[in-house]
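Visitor: Let's go through this one together. I'd like to hear what sits behind the labels.

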Amino acid sequence: MSTTLNRVGLPRDAYKGAATTLCAGCGHNSITNHMIKALYELGVEPHRLAKMSGIGCSSKTPAYFVETAHGFNGVHGRMPALTTGAQLANRQLIMLGVSGDGDTASIGLGQFLHMIRRNIDCTYIIEDNGTYGLTKGQFSATADLGSVQKKGAVNTFQPIDPCAVALTLGCSFVARSFSGDGKQVVPLIKAAIAHRGTAILDIISPCVTFNDHDGSTKSYSWVKDHEESIADVSFIPFFEEVHVDYEPGTVRDVELHDGSHIVLKKLGEDHDPSDRRAAMRVIEEGRAAGHLVTGLLYLDTTMSDFATAEGIPEAPLKDLGEAELRLTPDQFDQFISEFA
Amino acid sequence: MTEQIINDLTIQAATVNGSGSQTANLILTRAIFKMGIPVAPKNVFPSNIEGLPTWYQLRITPDGHMARTERVDVLIAFNPSTWREDLLSVRSGGAVIHEEAFSNADVRTDLTYYPVPFSKLAKSKIQNDTLRKQLANMIYVGVVAGLLGIPWEALEHGVTRQFLAKPKAVQVNLDAIKVGLDYWQDNFSKTDPYHLKPMTGRVEGKVLVEGNQAAALGALMGGVTVVAWYPITPSSSLCEYLIAYTDRFRVDPKTGEKRVAIVQAEDELAAVGMAIGAGWAGARAMTSTSGPGLSLMAEFAGLGYYAEVPVVIFDIQRIGPSTGLPTRTSQADIAFAYTLSHGDTKHLVLLPGTVEECYEFGRDAFDYADRFQTPVFVLSDLDLGMNLWMTPAFKYPEKPFDRGKVLSKEDLERLAGDWGRYRDVDGDAVAYRTLPGTDHPAAGFFTRGSGHDENARYTESPVAYERNMDRLLRKLETARGALPAPVVDEEAKSAIGLIAFGSTHAAMLEAREELAAAKKPVDYLRVRALPLSPEVTAFVARHERVYVVEQNRDGQMFDLIRLALPPELVGRLHSIRHYNGQPIPAAAITEPLLESEPVPA
């Protein structure tokens, strides 16, 4: 185990949490580890991190990383509301939401949409396994048409694709990945945190107990066989020198709000992450071809997040006192006299 | 001519919703108030934008009675569709100002009629084409002014005050009022008994305020910084006033930065969730809603209770659910709000009975929420919230904010990090909390529902669960003694006591006067918070018979009090209920009481 300290003087262990209580081999545990790596390498100060979640297997995971940070395991499907409120109370917090496919695409779909619409500054990770684990294996709304439940039932409904939905709403950061692809997940988490606005990261995360069988399109083997990454993602944090030595025309470099860079190295066809229609097309073409397209699908660094657009100060609202919040006695008397 | 009736009458304007009549009614109200005469307006409006009938009752009494009355003295009949029905509401001997074109076939002969060709006057005398429909209402203001003797200066004040933000509109409205006044003077001589005369001693130092304005000002002075809401009648205006007030008082003129975040949420689930998220992160946070929205907030209210997160929830009660009668008043949410959530839950509920208390409780609710780390409900209603009430001017707060038990970085250093989020250190069952962003390695904890131990660690231990449940109950006991105490008036030294809460107060004051006049004086206790103060039980113990008066069908407060009483006192408790959606009049108390308590011959 490395004892190297990061830029805020903390070892990697400082980013660990309680022992997981999820099943051995659960994709969510891999994501937890990716999260620990990303937060450690970014040098996020634990006290500035707010780990938010709803209900479900995914929503338990904030207990499994950065134990010293504040976390809020809220009610089912309502993480976006709690996150919105906390973010507005204190803009200095780094809001990191963890949700699942049931929590996001069923009970929480409304809040998911409206959080995106407002562009609340937060990272929203969907640990997406197409099934309800804690209640033992019912289909979720992200399960693909025709995918087969463990007990044999076939899903007859169209899936809700969180990335496609987010794109439709003009989400400022949309990415998809696979829990088994740490090389891609870690830089995407870092970029999502560096991004100012709602960053949606849909991570396919197989459920070993209820959805890892033949006929499932969210199993380890299916995703491994069908994942098609649109670009190699690397992340260069603001505190490191930008050093790109790729051949011209093979990479795209996007600067994020905090001065960090996300560098995308072309793999196949060139994808322009600032082109929303292209992102939709990539998803649809992937679906038609039976692939799971992963990578950074869309990024807009020009859109104002909600708090900025509303003129809310950077200094936390929670710290304001009587002098800043109350009328003066003269203002008060004048105001009351207007009711005469 | 009959004997004059001075400053003691009720005007009822029957108009069409969306026609601009509300402005005319408010000008009339402010003009009469300017004469030093107490006014009590009640707006009875439909759930409609334009076209349905609407009524505005302006009660004028020398004593300042503010409850609704069913007695109409002067009718302004402006709506052909309700003309016949409106006539029936007028007391015998009353006066009727009506559109001349309305049929007078077979009308009552015990009323005085003043027919006015409003449509013709509007066409011939009002030059402004775009505003003709609105200004036509001003003509009746002028006619009423002529009928009752409202001085021109008072009318000028009413118009100027009404158009504070639009001074250009003052003259055109005054011109239209003059049309009506001239018509009165040229065409009528007074044959009814009603007169208004300037008076002193009742309205000095008083202002006219809606409960929702008062509550918004309370929230502003209480230091709210995060507001999330979803529009719903009759609560919407509370947040809309708050938006206007914060635009005026919370924006930094140099930077344009706003010292408040206000979000119009997608629904009430999100609204209360945002407020709880903000309360958890340390802001003074609130939402405002009405019954249907409160229903949606149940799950989060329970989380707030168990996770012990401060938040303020205003509920401006109305009749619901679904379309219900959204523009009619009610006090039927109290039992629901008190235990909002599944599971064992009891919330702190404040019950303002006046607009002054809407301001004070709206402000202090944030202190209670922070101090007891729990959702605090402020239950107003449509009558209190949306009508104008005469009130003493509000007082500037004497106390700074009470932010409750929050541990800072320095506190944690002093404690060497030894603390637990749900430990009862002080014996009052209120634990210490830390806020996200506190720069100390021991500050962080994981917030969740009821399944946690003293250190906020998840546990399914039956012992730990029960211990936490018992502490929450003890916390409620701590709060019980700290919330606004009942207001008790036992000067009547009666064997009979009345208990009421909220907007019923206005009718109670009047009913007590009526009962005293009928040789049946009664004592009075007004409940101002839940959980109930022990004072309530003591009051019942001191009286032979106690009537709980409330505006709901099931006697919800009656039930709550019965549950709190020792068995030997339960039989003393009786119930008077009013639930037709109209604000309770004094008669709805006096009449059933005198039936149950006949005065010995």
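Visitor: What makes β10(A) and strand β12 of chain A a pair, and in which sense do they run?

Guide: Two strands pair if DSSP finds at least two bridges between them. Six bridges join β10(A) to β12 (residues 261–266) of chain A, so they qualify, and they run antiparallel. In β12(A), A:Leu264 stands opposite A:Val233.

As for the ground rules, this is a predicted model, where local features need pLDDT of at least 70, side-chain atom pairs count only at pLDDT 80 or more, and totals for chains, interfaces and linings use all residues. Residues are numbered from 1 along each chain as its sequence is written, while chains are lettered from A and ligands numbered from 1 in the order in which they are written.

Visitor: Why are β10 and β11 of chain A called edge strands?

Guide: The open sheet has three strands in the order β10-β12-β11 (chain A), with antiparallel pairing. β10 (231–236) and β11 (251–255) each pair on one side only. The twist averages 20 degrees from one strand to the next.

Visitor: What lies across β10 and β12 of chain A?

Guide: Helix α7 (residues 182–194) of chain A, running at about 50 degrees to β10(A). Axes are lines fitted to C-alpha atoms, for helices over the stretch in contact, and angles run from 0 to 180 degrees between N-to-C directions; contact takes C-beta atoms, placed from the backbone, within 7 Å.

Terms used:
Helices (H or I, at least four residues) and strands (E, at least two) are DSSP runs, numbered from the N terminus. Two residues are in contact if their C-beta atoms, placed from the backbone, lie within 7 Å.
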